[in-house]
Amino acid sequence: ITIVLFQANSIIIARVVSPEAVVEYNLAFKYVSLLTMIFTIVITPVWSATTDAYVRKDFEWINKTLSFSRKVCIASVFIGVLMVLASGFYACVNKENETRDNAIDSTLQTSATAILESKLSELNAQSGQVIVMEVQTGQIKALVGLERKDSADYQPCENFSVQQPTGLMQGVSLLAALETGKVKMSDRVNAGNGIYVCKGDTVFDHNWHRGGYGEITVKQGLASGSNIATVKTMENAFGNNAQAYFDVLSRMSYGKPDSINGILQPYRITEKNITWNCIGYGQSVSPIQVLTFYNAIANDGKMVQPQLYKDSVVVINPQIADKASIDSLKLALAYNVTDGLGQPAKSDKTTVAGKQGTIIVSTDDGNTMYAVEFCGYFPIDNPKYSIIVSINKTGLPASGGLMAGDVFRQIVDCMIYRHLEIN
């Protein structure tokens, strides 16, 4: 019973009540646990000391300790009452949120959770996130986080502020390059044999051991996930003026928003180096911030604030890039799903555009942790929803298209099927 109470509580609440209720439960549980933790720290040493005093027949000490214990109990009750009264303030604040309509679709949330959990189990992955956003309003329709801790079971995780490098940076960087007017998607770049030495840094493509991609177009470089094609495109667009690249990212509001109801941290560059930054390294960004950018692409350049409630639309940036640049990238993202490594995300029920990515996020204790990701939107002609799937797993194989793209497709198909069923 104890194991069920303390290990399965979040899962039971998510299944029986709703995934949103898990957050409220955990907040209340941790709040109340403060008192029991302090009480245990104070009282636990008394048990063994009392036994020792009894053996020594030191009854005077036992009486004094008993009196002390009574005072601790009374103080605990008093502190408990104060904590309950103080929690009334939280309840008043929370009541304001209860009067607002929650944007989360509970049915979609449950389906997305099941799809993600199945894939995490299949991959023996450590954690994963799925976020579904309404393109025009920014309303979050599903917000799923799962992680495996001590047990083999995956538990809901409400920490959506976790930041790490992203394998989805190529699409962002190419839009920045298009904004300079010096680069077109039809331009050709030489990815060579898959190994490129640039200013002392060595950049690899995933197929370097098979001889690389050779000469390809910028669009083909995006569809094949070529790091070298991206780095060389940045050289053509920005030359030796790396700061111009970062200035364009800032103008495009990449890494926004800084906060969503207090659950995010501002995006930051940990090491400024355009060679690595343009393919996702040297930065800390959360999946929801990456989704916000790709959602703006789907929304013809208009970046809106992600919303947990059905509030009025908040515009972060009315136009992140020139319309022609946006349209050019959207065509390339659609090509990526029809002809590139994004094909596992392709749905036979609607048209899809997006980008896959795979990146190393850590190499602790000799174990390489990868993030496999896919971010996209549908339908192509009039995008309604954007979705990001981010999975952290140890070791190879690691493929954003095959792994995260498959989760993306299943969620899209689930949403289409449900829409048809409702209508």
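K57 is exposed, with a relative accessible area of 62%, which is over the 50% needed for that label. The model that shows this is a predicted one. K57 sits in the loop between α3 (19-55) and α4 (59-98). Its backbone is worth a look: phi of K57 is positive, about 60°, although K57 is not a glycine. Most residues other than glycine have a negative phi, and most peptide bonds are trans.

K199 is another residue of this kind. Phi of K199 is near 50°, again a positive value in a residue other than glycine. K199 belongs to the loop between β5 (195-198) and β6. Because its relative accessible area is 62%, K199 counts as exposed. A positive phi also occurs at G181, which follows helix α6 and has a phi near 80°.

The chain has 423 residues, and 48% of them count as buried. It holds 13 helices and 14 strands. Among contacts with a separation of 6 or more, 67% are between residues 24 or more positions apart.

The buried residues of α6 are M169, Q170, G171, V172, S173, L174, L175, A176, A177 and L178.

One partner of α6 is helix α9 (residues 242-251). Two packed helices are described by the angle between their axes and the distance between the axes. For α6 and α9 the angle is about 105°, and the axes are 10 Å apart. The two helices are therefore roughly perpendicular to each other, since angles of 65 to 115 degrees are given that label. On the α6 side, the contact is made by M169, V172, S173, A176 and E179, and on the α9 side by Y245, V248 and L249. By class, this contact has six nonpolar residues, one polar and one charged. An α-helix has 3.6 residues a turn, so residues three or four places apart point the same way. Among the α6 residues in the contact are M169, V172 and A176.

The peptide bond from K256 to P257 is cis, with omega near 0°. A cis bond also joins F378 and P379, where omega is about -15°. P379 is in the loop between β13 (369-378) and β14.

Strand β14 covers residues 385-394 and includes S390. Is S390 buried or exposed? S390 is buried, because its relative accessible area is 5%, and under 20% counts as buried. Leaving aside residues up to four places away in sequence, S390 touches S127, G128, Q129, Q164, P287, V372 and E373.

Three cavities of 30 Å³ or more are counted. The largest cavity holds about 80 Å³ of space. Which residues line the largest cavity? The lining consists of C198, K199, V231, M234, E235, F238, G239, I274, T275 and C278. The most comes from α8, with four residues. By class, the lining of the largest cavity has six nonpolar, two polar and two charged residues.

A pocket, unlike a cavity, is an open set of points. The second largest pocket has a volume of about 820 Å³. It is lined by 29 residues, and those that lie nearest its centre are H206, N227, T358, I359 and A398. Elements that give two or more residues to this lining are β6 (201-204), β12 (353-362) and α13 (400-422). Which element gives the largest share of the lining of the second largest pocket? The largest share, six residues, comes from β12. The residues of this lining divide into 15 nonpolar, 12 polar and two charged.

Definitions and conventions
Residues numbered from 1 in each chain as written. Predicted model: local features only at pLDDT ≥ 70, side-chain atom pairs only at ≥ 80, totals over all residues. Heavy atoms only, no water. 1 Å grid on protein atoms, 1.4 Å probe; cavity = no way out; pocket = protein on both sides within 12 Å on 5 of 7 lines; lining within 4 Å. Points joined across faces, edges and corners; volume = space filled by probe spheres on them. Nonpolar A, V, L, I, M, F, W, Y, C, P; charged D, E, K, R; others polar. Buried < 20%, exposed > 50% of the residue type's maximum accessible area, 1.4 Å probe, protein only. Contact = heavy atoms within 4.5 Å. Axes fitted to C-alpha atoms, helices over the stretch in contact; angles between N-to-C directions. Parallel < 35°, antiparallel > 145°, perpendicular 65-115°, else oblique.
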